[in-house]
Amino acid sequence: MSLTKMSMIVVIKKQYAFKLQAYSQVFLSLIFLQMIAVLFSLGGVASMGSSDGMVEVQLSYYSADMVLVFTMLWGIISAVLITTKAYRNDDYLFITNRLTSNLSNLLFLLTASFIGGITAILSSYLLKIVVNLFVSEYFFSNPNGWPGALETLLGIFSAFLYIFLFCMLGYLAGTLVQFHKSLTALLPAAILGVLFLDVADGKAGVFADIFTFYHSESSVFLFFLKIMATAGLLFLASAGLSNRLEVRS
Amino acid sequence: MNAIECKGLTKMFGRVKALDQLSCTIEENKLTGLIGRNGAGKTTLLKIIAGYLRETSGEINVFSQPPFNNLTVSANVIFVHDQMNLPTALTLEEILAAAGSFYPNWNHGLATRLFDYFSFQPLQYYHGLSKGMKSTFNMILGLSARCPLTLFDEPTTGMDTAVRKDFYRALLKDYMDHPRTILLSSHYLDEIEDLLEEILVLKEGKQLLHTTIDELQEWAAAVQGKAAFVQEWSKNKQIIFSEKVGMDQMYTVVKNDFSDKERQLAREAGIDLLPVSTSDLCVYLTSSSIGGIDDVFDKNVDDSGD
Amino acid sequence: MSLNLDGSKPIYVQLAEWLENEILNGHFDSGQKIYSQYQLAEMFMINPATAAKGLNILADKSILYKKRGLGMFVSEEAKSIILTKRKTQTLTGLVEELAAEAKQLHVSIDELIKMIKAAMTRRAEE
């Protein structure tokens, strides 16, 4: 029987198609999480009220930020999930090497982040409609009216970038955990520890600095560059680390 | 051409040596049986060949390339084992389609015919199958992929006798129609020996024996008769197994290098020279002591510990 | 079909003997094409290399001959070769064993010959 040669591009394409199908549970959990986030958001993020005895005014602010936060968390969780044993060895059923496996995971996470970004932004419309119809008696959208198409696209784009950044964080964490089981506990403990110290200090700490670095960037292009450079580094680290990893079952 | 070549292949797990300076070659298009006790290193060897594990030292080439992290080797090898982690989100039908999308030689006709023959339902999920059914499904993947190198690690785990027979028949037929290199590890040597052309016996991570199955069938002989005579007859031979039978009888398995003259003399002396079945022989060869489990219960051994 | 009735001989030897029987029983005449390696492998569920080995011992003994690209054929003198071989090898071996057993049981030569004669007559009557 003659040997077959397979180009890397062909294998990555096949793996990507396979993963969209095999990892479809990831998208189910996305829908579920976003629904929960919308439900939570129905309580409003802030409210005030006044009354003069005759008239009572109750003012509530609603925001879909919670949905975005949940989606980012979902990004981390999904990325960690596909590095766990149940998923990571799927590639080895068929044709793979470590690089194609990592690259097809990257494509999958890009797709997932994109879908997560779209649905997160669109859910703010859902929130508005639900609040308008069922919760509030008088509904005021933001003073500039409903956002325009460009604004929505920009929203989707930056949501996508944030989620993708979190995916890459999760992916690196998941890869690290494969080296030693104890990292499963150490890694979250370290992150929580640093957070805790930040809070205890009372001043802006590491996380706040990191947050500002991305969040206060006013140029969309620079923001894009910052995120992509960070995500790229995270991915390279994961791919480099996992390139010599064995398949253990 | 050789499909697999190992030289001084060693694999350590922590301080445990799973493979110890293993050197062997598997020729192309041969159906070889991989035999050994649990822990002899069969699965480790197969995992290294499939590129799952990296050798600690030594050299291994599969189709003249080191298999670890190698896309070409991966494209030409399918590794079927009982720990296969098939995606839980896909139905059996979808898994077959996915496998078909990867393997260039995949024969979907064969896959679906076997699928129907073994009464699988297209919409079933893999994790819902019984152990035997899982093995059967894995086997369908392994055969239909028609990879130039097909590795089966204990493929019949959990299968009932009828399915095992069907599997052997399917394997042989497909092998004849599409000759390829097949490595088959199994605990049931007596069931598979007729299918095999060669047999590779591992013991404690080393190659113990690599020969054609025909030679193995004549490789050893059992000497049976009065203990004194048997000891006399097996004096200059390589003793593989020995046990006392009854009062003064003895059964000793030795390497078969008796000449016709010796056979004649033995017969006249009332000594039986008997053939040894290959599966018994492999048990004797791979056991750690010459007397087998009986040594453990030997009453002559002092139990007091001094 | 199953060959491995008696595990005392390697499969290819058993296969060769089975083929000899087929020829002796007249299932294959001289000049006729015999089963191919693959047919035999499938019939007996054995490795085709083992089947080829079985055919090759018969070819070595001139019971079969090869026609390039066509397969193996039964030779003109196949039957007589098989018969002579069986007489010299099989029968001698059996007689040897018979003699040893008779000695162990203290059966005299005359007694043994009588038993053989009786067995032969019974066969003839059947």
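Colleague: How many helices and how many strands does the secondary structure of chain A come to?

Modeller: This is a predicted model, and in it the secondary structure of chain A comes to nine helices and two strands. Reading from the N terminus on, the elements of chain A run α-α-β-β-α-α-α-α-α-α-α. The C-alpha atoms of chain A, taken along the principal axes, fill a box of roughly 90 × 45 × 35 Å.

Colleague: What share of the residues of chain A count as buried?

Modeller: Of the 249 residues of chain A, 31% count as buried. As for contacts inside the chain, among those between residues at least 6 apart in sequence, 77% join residues at least 24 apart.

Colleague: Which chains share the most contacts?

Modeller: There are two pairs of chains in contact, and of these chains A and B share the most contacts. Chain A and chain C, on the other hand, do not touch, their nearest C-alpha atoms being 17 Å apart.

Colleague: How many residues of chain A are in contact with chain B, and where do they come from?

Modeller: On the side of chain A there are 29 residues, in contact with 28 residues of chain B. Helix H1 (8-22) and helix H5 (98-135) of chain A each supply at least two residues of that side, and the largest share, six residues, comes from H1(A). By class, the side of chain A that touches chain B has 14 nonpolar, 10 polar and five charged residues.

Colleague: How far does helix H3 of chain C reach from its first C-alpha to its last?

Modeller: Helix H3 (residues 48-60) of chain C, with its 13 residues, reaches 18 Å, which is close to the 18 Å expected at 1.5 Å a residue. Just after H3(C), C:Ser62 takes a positive phi of about 65°.

Colleague: Which residues are buried in H3(C), and what covers them?

Modeller: The buried residues in H3(C) are C:Pro48, C:Thr50, C:Ala51, C:Lys53, C:Gly54, C:Leu55 and C:Leu58. What covers them includes, from chain B, helix H6 (161-177) and helix H8 (213-217), and, from chain C itself, helix H1 (11-24), helix H2 (37-44), strand S1 (64-67) and strand S2 (71-74).

Methods. Residues are numbered from 1 along each chain as its sequence is written. Chains are lettered from A and ligands numbered from 1 in the order in which they are written. This is a predicted model: local features need pLDDT of at least 70, side-chain atom pairs count only at pLDDT 80 or more; totals for chains, interfaces and linings use all residues. Two residues are in contact if their C-beta atoms, placed from the backbone, lie within 7 Å. Helices (H or I, at least four residues) and strands (E, at least two) are DSSP runs, numbered from the N terminus. Ala, Val, Leu, Ile, Met, Phe, Trp, Tyr, Cys and Pro count as nonpolar, Asp, Glu, Lys and Arg as charged, and the others, Gly among them, as polar. The expected span of a helix is 1.5 Å times one less than its number of residues. A residue is buried if 20 or more other C-beta atoms lie within 10 Å of its own, exposed if 12 or fewer, and partly exposed in between; C-beta atoms are placed from the backbone.
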